[in-house]
Amino acid sequence: MKKRLVVLLTAAMAACAVAGCGSSSSGSSGSTSSTTAGTAAATEAAAETETEAAAESTTENAEPSNPNATKVVFWNSWTGGDGDTLQALVDKFNTSQSDVYIDMTRTTSFADMLQTNMPTGEAADLILLNSNDFTKYSSYLLPIDDIWDNTSLKKEDFSDTYLNLCYNNDQLYGIPFQISTYMLYYNKDLLEQAGYGEDEIPTTFDEWTEAAEKITALSTADKPIYGSGLFYCYNGQNQAAIQRFGTDYIITGDEENGFKANLLDNEAFANAMIWMKNLYDNGDNPKEKDIDSMMAAGQIGLEINGGWLKGTLDASDINYGIAKVPTVTGDDQDDWALGDVNCFYITSSASDEEKAAAEKFIEWWMTGEGLEASDVTQQVDYSGMTPNTEWSVSMCYLNAYTPTVESADYQGNQVLVDLTPSDSAQVQMFAAPGTLFWSDVATCQADYVQDWVFNGPTNPTYDDVQSFFEPYQEDLESYISEYY
Amino acid sequence: MAAARSSSRPRGKFQKKLERTAYLFIAPAAILLIIFNIIPLIASFWVSTQNMGVDLSQAKFVGFDNFIRAFSDRRFLQSIQISLKYTAIEVPLQMIIGVLLSAMLSKNTQFNKTIRGIYFLPVVCSAVVVGVTWQLVLHSNIGIFTYWLKCLGFTNVNLLNDPGSALYVVVFVAIWKTFGISTIILVSAIQNVPDSLYEASAIDGAGKIAQFFHVTLPGIMPSFWFLLMTRLIGSLQMFDIVYTLTGGGPSRSTTTIVVYIYDTAFNSMNKMGYATAMSEILFAFIMVITIILYYIMGKTSDD
C-alpha cells in the first residue's frame, strides 16, 4: 500500500513537473522545468524562440551623444523591407538633437513582447500598433490629448476617419502613423514575356486569372514560374483580395444594431473563394508560404502585398511595378480602404518625462526634416520632405496627416494618389470598426482560407462554398455571442 | 531489555537529528518546488475557471464552462488527434532507433565515441536553429533536399506545405534532434549490464541476437521505461519545433495541443482562462499516462 502510494505520489509529482515542459527534448530536460501548465510551457518555449528571433531582427542603435538625454524605448514590428528606412529615420532623429534618444527595437515578436510586458509595466514607452488591437491594450495606454498643447501638431490636420479610430471614451490615445495599404505588385518582365504591353496590367480578377495562366506557362524545368502569388496563410493579403470582390466585412453591423457573420449567402465571398481555389488547383499559384522571396527571385508574376515588400524588391534586381488591387469589374472601389491604420501609442510604462519626449518624437516625425536622398535606396529625392512624407512616398503608405497628403511630393506619386480611398471610406479589413474580437476573426479567416485551399472541392460551386463554410460561420457567430 | 532500551535512546536522538538535517538539505528544493510548481498549479486551476485576458484583467468567474467548452471545440479535439498521431509515430520510432543505435555503439571504441558525439550534436542545438535550418533545407523552392529530390526525378516536392506530409516532417525533425540523447542514455544502460550475464548466456549457447533479446533488453529496461515515459510526455507537449518549422500549418495539420493552447492564449482576446483550462486537461491526461506507465514499469520490474 505504502509502495503504491509512493509510486502514485511520485507519478503525480513527475506529471506536475513535466506538464510545464513544452520542449520536445527528453525527460532529462523536462525535469528541470519549473512551470505547471501547458500555456506557461508554451510561453517559455515561445519566449526562447522569440528572444532569439528578436535578437536576430533587432538593429543596434547608436549610443546617445548626450548621456542625460531622455531615453524613449520604442518597439514595433517593422522588420520587413521598410525596417531599414524606419531605422535610418530614427537614427536621423537621434543625431538631429540631443535632448531625446529613441531606443528602437524592431522585432517579429512584437505582439508577444507587448502581451508579456504590458501588465508588468515593463513594455516600451512608445509603440506602433494596428488600430484593431487598440481595444485589446487600451488599459495599458496613456491618453495623449495634451499632444495638441505640448507640440505644434493640430487635431484638424489629421483625417477624422482615421483619428477617430484612436479615441476611446472621448480620449485620444494614438496618432496615425501609416495606413498599411495592400497593393498589386507585378513583374513587368514576366508580363511582357507573356505578351502584355507596358500598360496592360490586370484590373479585374478574370484578367488576373488569364495573366496568371500565361505567365505560369513561361516556367522552365530549372526555374518554376507562377503567374499568381497568393499566400495561403497570409490573412491580410487574402483579405485584401477577398474584400475587392465586394464581400463587405467578415463581421458586419455595429454594437447598437447587432453584429452578423457574413460568410454565407454572400455571393461576392463565394466568388472570391472560387476564384482563389481555382488558381491553386490550376497550378498557377504555388502552395507556398514564402511568396515574397519567390517574387524577389522573379518567379511570381502578380502578388498582393503591402509597402513592406517594396524595400525587398528594390534590393533585388527584378523589374516590378505597383498598381491598385483588381476588382471584379475593373471599376474602382474607393469606398473601401485597402488596409488598416497603424498608430503611435504611448504606454503606461512611460513616465511623464518619457511621455513628453515621445510626443516630441511624434511631432518631429510629422513636421521635422527627414533623410537626404543618398541615405536610402528607393531612388526618391527626399530633399525637403518631412519624415512622414518620406515614409509615405518611399514605401507607398497612405497617410492620414493632411499636410503630408497635400504636399507636392505626395501628390506627385501617382500610385499613392490612385490608392487613396474616399474621405468616407471603410477603413478596416476584417471586422466592422469597434469589434472586440478582431484577432479571433483574423485567425478564423486564416483557418478557413487554408482549409478551403487544401481541403476544398475542385471546381467548386456556390453551393460548395455554402456547405464548406457553414462551420466557420458558426465559429464567427459564437465570437459574437461570446463578446456581446 | 532495559539495556536494550537504554542503548536505543541515544540512537533515536541521533536519528531525529539526522532527519532534521536531512529536511534542511531538501528544504531549498522543496521551497522552489512549492513556489514554482505547486502554487502555480493551484493558481492555474483558478485561472481556468475564469474568463480573462492574457494580462489576467477583467476576470469573470465561469466555473467549469471552459472545460466543457474545450470538449466541444473542434479545433481542440483536432489538436488532440494530431498530438496523439504525432506521439504514436514519434515515440516508437525514437525508441527503436535509440535501442538499435545504442546496441551498435555500446562498445567504447574511438569510432563509436566519435559517432556518439556527432549524434548528440542536434540535441545541444536550439529548437529555433533546428526549425529554421530544416525549413530552409526543405523549402519547396530553394531547399537543398527538394533540389536533390528533383534531380532524382521527383516533381512537385513541397513537404512543408502539404497537410499530408507536414506532420511526418515534424516527426522526422523531432527524432533527428533528440535521438542522440536516447542513444546515449541507452548506451550507458547497456554498458552497465554485467559481462558475466553475457558470458553465462554464451556458455548456454546464445548467439548475439539471442543475447540482445534475453540479456541486453531485460538489462536496460529501467532506462528504457524512463526514456519511453519522458518521450511520451515530451511528444504530447510538442511545441518548439512545430512553432518554428510549420507554425502549426498548413491548414492546422501540425497544430498540436500546446500550439493550439498557445494560439488561444496569446492570439485571442480574453481567452487566457480557456487556454489554461485546456492546459489543465493536458496536465490531467499526462498525469494519467504517467501513473499507468509507472504502474506497468513497477509490475515489469517485479516480474
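I started with chain A, which is divided into domain 1 (56-180 + 339-419) and domain 2 (181-338 + 429-483); domain bounds come from an automatic or database domain assignment. This is a predicted model, where local features need pLDDT of at least 70 and side-chain atom pairs count only at pLDDT 80 or more, while totals for chains, interfaces and linings use all residues. Residues are numbered from 1 along each chain as its sequence is written, and chains are lettered from A, with ligands numbered from 1, in the order in which they are written.

Next I looked up the spacing in chain A: the C-alpha centres of domain 1 and domain 2 are 29 Å apart. For the contact, I found 21 residues of domain 1 of chain A against 20 residues of domain 2 of chain A, counting two residues as in contact if their C-beta atoms, placed from the backbone, lie within 7 Å.

Which elements give two or more residues to the domain 1 side in chain A? I got α4 (83-96), β6 (174-187), β12 (339-346) and α19 (414-419) of chain A. Helices (H or I, at least four residues) and strands (E, at least two) are DSSP runs, numbered from the N terminus. The largest share of that side, 3 residues, comes from α19(A). By type, I noted 8 nonpolar, 9 polar and 4 charged residues there (nonpolar: Ala, Val, Leu, Ile, Met, Phe, Trp, Tyr, Cys and Pro; charged: Asp, Glu, Lys and Arg; polar: the others, Gly among them).

Then chain B, which splits into domain 1 (2-48) and domain 2 (69-302). I read 36 Å between their C-alpha centres. The contact takes 4 residues from domain 1 of chain B and 6 from domain 2 of chain B. On the domain 1 side of chain B I logged 2 nonpolar, 2 polar and no charged residues.
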